Amino acid sequence: MGCATSKDRFTSARQLLDFGFNNFTSFKPEISTDTLKPIKVIGGTEKFVNVNVINPAPLIIPKGYEEMITQKITTESYVNAPVLSGQILGKVVLSVDEQEVVTFDITASDEVEKLTFGKAILLLLRRLICL
């Protein structure tokens, strides 16, 4: 740090830490999954695929900005089969004053296979037998 003595380095380090603790805070964003609905699958063995988002790690932000954080959730309206587990189907963007702070992926929680002719016949037979 360019200080002449150990005591000066310690004092400078303490001032930096004091500044950080006085002006910044840890913020744990809670992603509202209430609006996350299953996404329609075109040409798959299932009609919909469930989605999930992993709650992110805490962010370090300036104090007082906690109430200013907004989140925007965007997902695909539909997806073509096959769908892989973990496939990215949307994003959650956290912003402060229209400026992006961080982005998280929304992913498929399950796999959905592509519907082939043979699988379609098997599904039809299962439904006929269950009637």
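Colleague: What's the relative accessible area of D105?
Modeller: D105 comes out at 33%, so it counts as partly exposed. Here buried means under 20% relative accessible area, exposed over 50%, and partly exposed in between (1.4 Å probe, protein chains only). Bear in mind this is a predicted model: local features need pLDDT of at least 70, side-chain atom pairs count only at pLDDT 80 or more, and totals for chains, interfaces and linings use all residues. Residues are numbered from 1 along each chain as its sequence is written, and side-chain values use heavy atoms, with hydrogens and water left out.

Colleague: Which side chain does D105 meet in a salt bridge?
Modeller: K91, at 2.9 Å from N to O. A salt bridge means a Lys or Arg side-chain nitrogen within 4 Å of an Asp or Glu carboxyl oxygen. The pair links distant parts of the chain, 14 residues apart: D105 sits in strand β9 (residues 99–108) and K91 in strand β8 (residues 88–96). Strands are DSSP runs of E, at least two residues, and helices runs of H or I, at least four, numbered from the N terminus.

Colleague: How many salt bridges in the whole structure?
Modeller: Two. K119 also forms one with E113, with the closest N and O atoms 2.4 Å apart. K119 is partly exposed at 29%, and E113 is partly exposed at 45%.

Colleague: Switching topic, where is I129 found?
Modeller: In helix α2 (residues 117–130).

Colleague: And is I129 buried or exposed?
Modeller: Exposed, with a relative accessible area of 71%.
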